[in-house]
Amino acid sequence: MVARAARATDLADLDAAVSDCSACPRLVRWREEVARTRRAAFRDQEYWGRPVPGYGTADARIAILGLAPAAHGGNRTGRIFTGDRSGDVLFAALHRAGLANQPTSVASDDGLTLRDLRIFSAVRCAPPDNKPTPDERDTCAPWLHREVTLIRPTLRVALGAFAWAAWWPVLRQVYGQRPPSPRPAFGHGAHWSATGAPELLGCYHVSQQNTFTGRLTPEMLDDVFGRAKQLARVD
Ligand code: SF4
């Protein structure tokens with residue numbers, strides 16, 4: 001798997017390769033069981049039930065790095081943050097920011113396009129309880145590292161809650177830089193920068209736990225995406 005990730009010559013090749021990965025037995029069992037049993041509301045749909053590749057432009061200047069696909073969202077539709085409540089909040093904000101052509105993301109053939117943005121996750125298969133193990137995160141890391149390597153020529157800003165922790169190995173693997181020690185503290189709007197690497201912005205996750213409780217509001221998302229555009233020099 002590590003060798004296959006390293007051989008990917010472009011994002012299309014990487015996306016095809018990651019979609020066939022079965023390196024984590026627990027996650028393979030889970031993603032396929034969810035696809036087989038399905039949620040009642042989606043009983044008539046064919047679930048994707050495989051690893052979910054990244055989505056967006058190959059020359060992105062902004063990247064959003066999430067944790068993992070949702071069992072009945074990305075694992076159902078085959079596109080990251082698509083078909084669940086988190087995606088509803090995220091894409092509404094991206095549309096307001098001018099980074100998405102439409103405010104919704106409901107299916108892989110719904111016409112969504114992104115501008116100057118690539119979205120991907122640190123772990124590509126839906127995990128039980130949204131909690132991958134550290135071993136699963138590390139096993140999946142070569143896909144993430146290759147994806148960042150392929151968009152590295154243009155990438156200026158990465159943001160996300162999970163990105164904050166997942167970014168430091170990327171910094172070493174892709175940019176050849178020693179991660180800062182101690183690690184900068186995560187927070188919504190937290191900002192880290194160093195010469196020769198993309199800047200990092202912290203953003204609370206668009207989970208229902210955060211958006212329903214008001215911990216993360218549309219205005220807070222607008223602020224962080226506005227900041228990301230400014231840092232990445234995206235109009
Ligand atoms: S989580 Fe990553 S490494 Fe594990 S099976 Fe899925 S794609 Fe492969």
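Modeller: Two strands pair if DSSP finds at least two bridges between them, strands being DSSP runs (E, at least two residues) numbered from the N terminus. Keep in mind that this is a predicted model, where local features need pLDDT of at least 70 and side-chain atom pairs count only at pLDDT 80 or more. Side-chain values use heavy atoms, with hydrogens and water left out.

Biologist: OK, so what makes S2 and strand S4 a pair?

Modeller: S2 and S4 (residues 157-159) share three bridges in the parallel sense, and the rule asks for at least two, so they pair. One of the contacts joins Ala63 to Ala158 in S4.

Biologist: Why is Trp164 called buried?

Modeller: Buried means under 20% relative accessible area, exposed over 50%, partly exposed in between (1.4 Å probe, protein chains only). Trp164 has 5%, so it counts as buried. Phe186, at 35%, is therefore partly exposed.

Biologist: And what makes Trp164 and Phe186 an aromatic pair that is edge-to-face?

Modeller: Rings of Phe, Tyr and Trp (its six-membered ring) pair if their centres lie within 6.5 Å; planes under 30 degrees apart are stacked, over 60 edge-to-face, the rest tilted. Trp164 and Phe186 sit 5.9 Å apart, centre to centre, with 65 degrees between the planes, so edge-to-face it is. Trp164 is in helix H7 (residues 161-175) and Phe186 in the loop between H7 and strand S5 (191-192), so the pair ties together parts 22 residues apart in sequence.

Biologist: Then why is the pair of Trp167 and Tyr175 called tilted?

Modeller: Their centres are 6.2 Å apart and the planes make 40 degrees, which falls between the two angle limits, so the label is tilted.

Conventions
Residues are numbered from 1 along each chain as its sequence is written. Helices (H or I, at least four residues) and strands (E, at least two) are DSSP runs, numbered from the N terminus.
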